[in-house]
Amino acid sequence: MPVLDIEAKTISDKQVFNSKKTSSKPEAVRLNDVEKLVDAVLAEVGNHIVLGLPIAIGKAITFSNALYQRAKADPSITLQIETAISLEIPRAKTDLENKFLAPFVSRHFSDVQELDYMKDIRNKTLPDNITVFEFFFKAGSFINNAQQLNYTSTNYTHAVRDLIDKGVNVVAQIVAERQVDNVTTYSLCSNSDLALDMIPVLEELKAAEGRKFVCVGEVNSNMPFMRNDAEVSANTFNFILESQEKDYALFATPEDAISNADHMIGFYASSLIKDGGTLQLGIGSLCSALSYSLLLRHQNNERYNEIFNDLKIEDKFPVVAKVGDRSIFSQGLYGCSELMVDGFMHLYRAGILTRQVFSDVLLQSLLNDNAITTDVNINTLTTLLKHKAISTELTTKDLAYLQELGIFKSAVTLYQNRLYSNDESCIADLSQADALLWIEQHCLGDKLKGGIVMHGAFFIGPKAFYKALNEMTEEDHAKFCMTSVKYVNDLYDHFLGDQKIKAMQRKEARFLNSAMMVTLDGSVVSDGLENGQVVSGVGGQYNFVAQSHQMKDARSILKLRSTCVRDGKLQSNVLFNYGHNTIPRQLRDIVITEYGIANLRSKPDHIVYTELIKISDSRFQPQLLQQAKDAGKVAADYQIPIAFCNNLPEAINGICNKHKLHGVFPEFPQGSSFTDSELKLMKALKSLKNKGSSRHGKLKLLLQGLTATRKTAEIEKLLSRMGLTNPANFSERMTHNLLSKELKNN
């Protein structure tokens with residue numbers, strides 16, 4: 001099929017989608033009174049509400065709270081809330097935590113509006129007529145909580161299906177609003193993930209089966225207005241809650257502290273990212289560490305290679321030479337990630353997130369083969385001609401195609417087989433050398449148009465991230481596309497792009513996700529515990545792992561810290577076995593800890609077992625090796641190579657501290673939401689918590705807290721920040737003494 005027909009088909013598919021956004025359906029009813037909006041919704045769908053709310057910051061909080069309070073006051077209303085990641089302002093569990101947290105929360109979360117249903121869940125006062133179901137928890141937020149009963153296990157890409165099966169009849173999310181040429185449009189902003197797929201399906205069910213359904217958009221002026229797929233027409237919604245006099249602030253996550261171990265994991269991961277490839281990131285310090293090391297690799301390649309050599313990566317982990325890279329990013333990366341985190345913005349500003357992808361199959365193929373670049377020249381035109389994307393004698397259809405791609409300037413016209421530009425003309429025959437010369441001088445654009453450097457499904461991050469999104473130019477915005485999670489998370493055909501074009505765009509893909517534990521057979525634990533309790537959720541991790549096995553040059557990379565402290569005891573996160581997994585052993589690929597890289601794909605079990613033992617903490621290696629030998633999975637005479645027998649925190653700290661002298665591996669590379677004083681207090685409080693995690697440690701602290709210590713002016717200032725200058729009781733005096741000593745030691 002000629003590529004022109006393919007492109008025409010792609011455009012046609014998008015027009016079908018756009019027609020749903022701009023159909024004869026009336027524009028949304030605009031209201032500025034939330035109680036009247038609740039009245040209107042109840043009148044439309046009745047007293048049984050199944051409310052679908054987006055993941056994370058996209059929730060329409062003003063409307064949700066008003067509907068919740070109405071149902072709470074009226075038992076005849078049943079309210080079933082279906083959502084994921086219901087964010088909460090941090091709350092202290094102890095008086096000491098409160099002394100630290102209260103001033104920070106007051107400052108950082110000022111003007112953030114909370115979800116009323118979450119407060120009642122925590123207070124155990126949720127009414128019987130209201131139920132909250134989630135398919136993804138904020139990590140660790142509901143361990144040993146009754147909400148475990150209401151977790152729905154599903155892949156992110158199945159969430160729309162599940163919501164429809166559950167009878168969702170109200171969808172509500174935050175939107176942004178803008179007016180261009182007297183036309184008002186709305187942006188799905190942080191959450192185009194499910195709405196782009198769900199709203200058209202529900203509208204069809206409403207038309208075909210009379211299913212009651214309303215869609216509510218809540219305007220918030222603080223939301224960045226994202227363009228491309230996220231921008232929809234006014235009649236996408238049934239009701240719009242207008243912007244308030246002062247819109248509530250977006251929930252912003254504080255910047256993550258990156259430990260030495262995290263930095264090592266990020267550095268190893270960065271060595272597997274190919275220039276010209278595709279990047280998927282998750283959230284948290286492990287992903288922040290990766291984006292930092294990618295910046296280091298590009299901006300200070302000499303230092304990067306010194307660290308690379310110090311770690312002996314090429315010798316110890318040969319997979320890097322095969323699938324990785326250590327050079328600067330001359331071609332750049334393309335981001336394809338369900339979650340767009342602030343790391344992508346840092347990579348974009350640094351000139352790393354620059355590889356543009358296009359929806360035209362031939363164009364993308366030519367770019368992948370380096371037959372053309374995004375810079376337009378006469379070769380761009382003749383290459384398209386050679387591949388029969390355009391005719392030798394240009395037609396009006398050819399001209400529209402070339403102008404849409406930015407190859408021809410928009411002012412160029414075609415009339416009776418002649419091209420016109422600036423009152424000059426030439427025959428539109430590409431077989432004539434003179435015509436090509438004239439076209440080169442008068443018709444060609446500078447750059448290809450329509451290129452995307454980032455496809456994402458939802459976003460959340462620090463305040464600086466939201467500010468950066470709000471301050472993007474129109475040129476920047478054109479390159480960022482918030483879109484359907486089904487488009488991003490798998491390769492199946494979608495109305496926004498079929499499998500062929502998605503696979504072509506995602507060349508040399510590296511799908512990076514975080515995990516909690518890995519077993520020696522290569523199974524990975526990321527979402528829950530073996531007793532059935534859910535820590536977070538599957539989300540998109542399974543989809544990205546499966547997707548990586550579908551493309552010949554893609555790799556799945558799962559990162560985890562080698563150890564953790566559980567129940568006051570140091571334990572290995574590399575385990576012989578475990579009673580639950582998120583990613584099964586047959587999908588094993590690459591696993592990274594702070595001690596290196598295990599390449600597991602296509603390997604027999606005995607290699608998988610030993611590769612994982614080689615990147616585990618050396619304090620646990622003997623036990624793991626013996627368990628593997630006892631099970632007959634490793635040869636009885638196998639010995640761990642000496643190069644992997646010093647996997648200890650001291651070794652990690654030695655490498656990191658050596659290079660920290662040159663300004664590398666900072667704890668907060670992009671700044672912190674905490675003040676310098678708060679960071680010092682955090683370090684001391686964390687140290688005290690670790691020291692008191694065992695019974696012996698508690699007793700030792702108790703004895704130390706009985707005596708005071710001499711305090712410097714700085715320590716006095718820090719104690720004042722904690723409200724401990726004048727201890728009021730025995731407990732406060734103990735805390736005062738212990739914290740003083742810890743601050744002095746640090």
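Predicted model: local features only at pLDDT ≥ 70, side-chain atom pairs only at ≥ 80, totals over all residues.
**Ground rules**

I number residues from 1 along each chain as its sequence is written, and my side-chain values use heavy atoms, with hydrogens and water left out.

**Entry 1**

I looked up how the strands are arranged, taking strands (E, at least two residues) and helices (H or I, at least four residues) as DSSP runs numbered from the N terminus, and calling two strands paired if DSSP finds at least two bridges between them. In general, strands of a sheet pair through backbone hydrogen bonds, either parallel or antiparallel. Here I found an open sheet of eight strands with mixed pairing, in the order β16-β15-β11-β10-β17-β20-β24-β25. Its edge strands are β16 (480–482) and β25 (596–599), each of which pairs on one side only. The twist from one strand to the next averages 20°, where axes are lines fitted to C-alpha atoms (for helices over the stretch in contact) and angles run from 0 to 180 degrees between N-to-C directions.

I then followed β11 (residues 334–340), which pairs with β15 (residues 454–459) in the parallel sense over five bridges. Within this pairing, L339 has F458 of β15 as its bridge partner, and M340 stands opposite F459. Strand β11 also runs parallel to β10 (residues 278–280), to which two bridges join it, and there L279 is partnered with G335 of β11.

Is β11 enclosed or open to the outside? I call a residue buried under 20% relative accessible area, exposed over 50% and partly exposed in between (1.4 Å probe, protein chains only). Seven of the seven residues of β11 are buried, so the strand is largely enclosed by the rest of the structure.

**Entry 2: the three-stranded sheet**

I also noted an open sheet of three strands, again with mixed pairing, in the order β19-β18-β23. Because β19 (524–525) and β23 (574–575) stand at the edges with a single partner strand each, one side of each is left without a neighbour in the sheet. Strand β18 (residues 517–519) runs parallel to β23 and is joined to it by two bridges, with V518 and V574 as bridge partners.

**Entry 3: salt bridges**

I counted a salt bridge wherever a side-chain nitrogen of Lys or Arg is within 4 Å of a carboxyl oxygen of Asp or Glu, and the count comes to 37.

K25 forms one of them with E203, with the closest N and O atoms 2.7 Å apart. This pair links distant parts of the chain, as K25 is in the loop between α1 (3–21) and β1 (29–31) and E203 is in helix α7 (residues 195–209), 178 residues apart. K25 counts as buried, at 18% relative accessibility.

R178 and E474 meet in another, at 3.8 Å from N to O. R178 belongs to strand β5 (residues 170–180) and E474 to helix α19 (residues 474–477), 296 residues apart. I found R178 partly exposed at 22%, and E474 partly exposed at 49%.

R555 and D589 meet at 2.6 Å, N to O. R555 lies in strand β20 (residues 555–559) and D589 in the loop between β23 and β24 (590–593), so the pair ties together parts that are 34 residues apart in sequence. R555 is buried at 6%, and D589 is buried at 3%.

**Entry 4: cysteines**

How many disulfides are there? With a disulfide taken as a pair of cysteine sulfur atoms within 2.5 Å, my search of the whole structure found zero. For C564, the nearest cysteine sulfur is that of C287, 18 Å away. C656 is likewise in no disulfide, and its nearest cysteine sulfur, that of C287, is 18 Å away. C564 is partly exposed at 21%, whereas C656 is buried at 0%.

**Entry 5: a nonpolar patch**

Finally, I noted a nonpolar surface patch of about 520 Å², made by L699, L702, L703, L706 and F730. Patches are made of residues with over 30% relative accessible area and no salt bridge, like charges being joined within 9 Å and nonpolar side chains (Val, Leu, Ile, Met, Phe, Trp, Tyr) within 5 Å; accessible areas come from the Shrake-Rupley method with a 1.4 Å probe, and for residues only the protein chains shown count as cover. Helix α27 (residues 695–704) gives the largest share, three residues. L706 sits in the loop between α27 and α28 (713–721), and counts as exposed at 53% relative accessibility.
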